[in-house]
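My entries follow in the order in which I checked them.

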Amino acid sequence: MNAPYPPRVPVQAAAPRIPGNDYGVLPAPVLGAWEPHLPVSVVIPARGGQDRLDLTLAALSAQTYPTHLLEVIVVDDGSAPPLRLPEIAPEHTRIVVGTPGRRGIAWALEAGTAVADGEVIHRMDADIVSYREHVEAHMRWHHLAGYLVVLGTLRFTPLAGTPPTPAEVQIAVSKDRADSLFTEDPEHGHDWIGELVTAHRGFRDAPSSLLHRVHVGATVSLPAALLREAGGLDTSLTLGEDTELGYRLTQTGAVFVPDAEALSWHLGTTTAMRRPADVRRHNDPFIADRVPYRRHLRTDAGRQWLVPYVDVVVDAQGACFEDVRASVDGALAGSLPDVHVTLTGPWASLEGERRAPLDDPLLDLRLLRGQYAHDGRVSFAERVPVTSAPAPFRLVCPAGWVPGTESVAMLVERAEQDDEGLLLVALDEDESGVLAARLERTSSVARAGRVAREGESLDDVIADLHGATWLDAESWRLRPAARAYPYWATNRNREAVRWRAAAESRAREAERAQRQVAKLKAELKELRAVAAKGHRDTVRWKEKAEQRRLEAVALRQARQRSLLGRAARGLRRLTGGS
C-alpha cells in the first residue's frame, strides 16, 4: 500500500515567463500534494538485457503517478531472442519492434515516440530502477509550463552479488524503500553534473551555452510537442544523440530542470565511464559539426561546419548589388570562421520571362545570385525565418553596412559575457528612426515567441527575460560600404596568405627563441652545477685544512710533552733520583 498523501490541489498548465533558466519562479508543488492530469509515455529503447528490463518495469509498476495517465513503450532494438513482456509491469505497457534495418538508440527512440500517446515523453534507459515518486517528480514540472526539459538524478550501483527479483523491486519501491535495493558505487557517478548544478545555483543561473551539457538520456522528460519542434532525434548518430538533442532543445527556448527528487538507480556503469577516451574520440567530430557551443572542438583552420555559430542575414530586396556584396563579403571575411550568410529577397521572381540583360529591373538580384549561388557559406531565402535555429546567434545586418574583421566575434563575445538575448548596434538615424544591426540569441527569440502576449513587442520580452543592450557602430567596427569596401576585400585571399605567412614566420622566430632559451637554461644549469661542485670542493678542502691544522697542533703538543718528559727524566738522574 502507498503511504497516504496530503490533500491534493489542482495545478494549472500555463505559459509563464521564465527569465533565463531560472525555473525557481515556478511554484513547483510538493510531491503527493497535487492533482495530475497530463498523460505521459515512458519510452525505453532496449537491446537484450531482459533481466535488467524486468527490474526497470517492476519499479515503474509501483509509481505514484496515476496508472491511467502512464504508458510504457519498450522498443526492441533487434534483441535475440526478442524481448518479452514480464509478469510485473505497468498496466499500459507494450513492446514495439524498431524500424527494420534501422538500429541504434536514436532510431529506437524515434520508433517509440512515433506511437506514443502521451503529451509528455519520458525517455528512460532499460537499466534504470526508479524510486517511487520518480515519474511524479518529472511530471509536476510539465504541468506548470510547456517548454521544460526535466532531468532525473541517477545513483549508480555496481550490481554486485545476486540482484533482487522483480517482485522484490516492486515491493521495495511501493513501500518507499528503493534505497535498500542496491549499494551505491563509490567510484562511479555523474559527479560532474552535480558540480555544474551546484556551481550555478541548482542550474537556475546556468548560461545558455551550458544548458545542453546536462541533457543525459538515461532519464529525461519533455513535452512531445517540444520534441517535434526541435526535430526529434538525429538518427545519423550512434552515440552522443542525447547531447546533440539537448543542444537543439536549447535553441527552442527550453528551460532545463534538474530535479534532485526524481531519483533512480542505474544498474552498472555506462560505456562513457568504462571507455571515456574512446567515447570522446568517437563523438568529437560529430558533436563539433552539430554543436557550435563546443568552441574547443572547432579549432581547425578553413573549415565549414554543418551548424554555423552565427547566421548573418542581409536583406537584398531594394538594395543595390554593390551594397549587399559589401555586407556579405565583410561578414565572410571576419575572424570568426563558422559564419553563414542568408540573403533574403524575392528570388522566385527571377524565374521565367525573357529579359534585356543590362536593363533588367531585377538585375541587382540576378547579380547577387550569380555572385553567391555556388558559395556553400551563402544561402537564399524569400523571407527571414522566426529564428536561425539551429545556429545559436543571428546577426541582422542592413545592406551597405560592413562588419569589420573582428565585429561579429566581438559582438558574440559581448553577448556571452552576460548571457544577453539581444544586442542592438545603432548605425544611423534619420526622421524615420534609428537604423540598427541586431545580434539575436536564437534561444531568447524562441522563448519570447512562446510567452509574448498578443501585440507585445518581442524585443521588450527579450529584454525582460534575457537582457538587451544598445551599442555604437564605431566601437564595434561596423562601417558604411563607402568607407569599408572594396579596398580591403579586393585581394583578401592574398592578404590572408600574407598574414598567415607572417604568423608562421613569427611562430618560427618564437620557436628559435624558445630553443635559445632552452639552451641558455641548460648552460645555466650546467654552470650552477659546476659552481655547486666548486662550493662543495671548497667546503671539503676547508674541512680538510682545519683537520690538518688540528692534527699539527696535537702533534706539536705531543712532541712538547715528550721533550719535557725526557728533560724531567734526565734531571732526576742528575739529582740522584730524588
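I began with the surface, where Asp428, Glu429, Asp430 and Glu431 gather in a patch of negative charge. For such a patch I took residues with over 30% relative accessible area and no salt bridge, like charges being joined within 9 Å, where a salt bridge is a side-chain nitrogen of Lys or Arg within 4 Å of a carboxyl oxygen of Asp or Glu. Asp and Glu count as negative, and the place of each charge is taken as CG of Asp or CD of Glu. Accessible areas come from the Shrake-Rupley method with a 1.4 Å probe, and for residues only the protein chains shown count as cover.

I noted that this is a predicted model, in which local features need pLDDT of at least 70 and side-chain atom pairs count only at pLDDT 80 or more, while totals for chains, interfaces and linings use all residues. Residues are numbered from 1 along each chain as its sequence is written, and side-chain values use heavy atoms, with hydrogens and water left out.

I found aspartate 430 partly exposed, at a relative accessible area of 41%, on a scale where buried means under 20%, exposed over 50% and partly exposed in between.

Next I turned to strand 6 (residues 120-124), where five of its five residues are buried. Val120, His122 and Met124 point one way, whereas Ile121 and Arg123 point the other way. Strand 6 runs parallel to strand 3 (residues 40-46), joined by four bridges, and valine 40 stands opposite valine 120. On strand 9 (residues 219-223) I counted five bridges to strand 6 in an antiparallel arrangement, with histidine 122 opposite serine 221. Strands pair here if DSSP finds at least two bridges between them.

Last came the backbone, with the reminder that most residues other than glycine have a negative phi, and most peptide bonds are trans. The bond from alanine 80 to proline 81 is cis, with omega near 0 degrees, and the bond from alanine 389 to proline 390 is cis with omega near 10 degrees. Aspartate 419 has a positive phi of about 55 degrees and is buried, at 16% relative accessible area. Arginine 477 has phi near 60 degrees and is partly exposed, at 45%.

Notes. Patches are made of residues with over 30% relative accessible area and no salt bridge: like charges are joined within 9 Å, nonpolar side chains (Val, Leu, Ile, Met, Phe, Trp, Tyr) within 5 Å. Buried means under 20% relative accessible area, exposed over 50%, partly exposed in between (1.4 Å probe, protein chains only). Helices (H or I, at least four residues) and strands (E, at least two) are DSSP runs, numbered from the N terminus.
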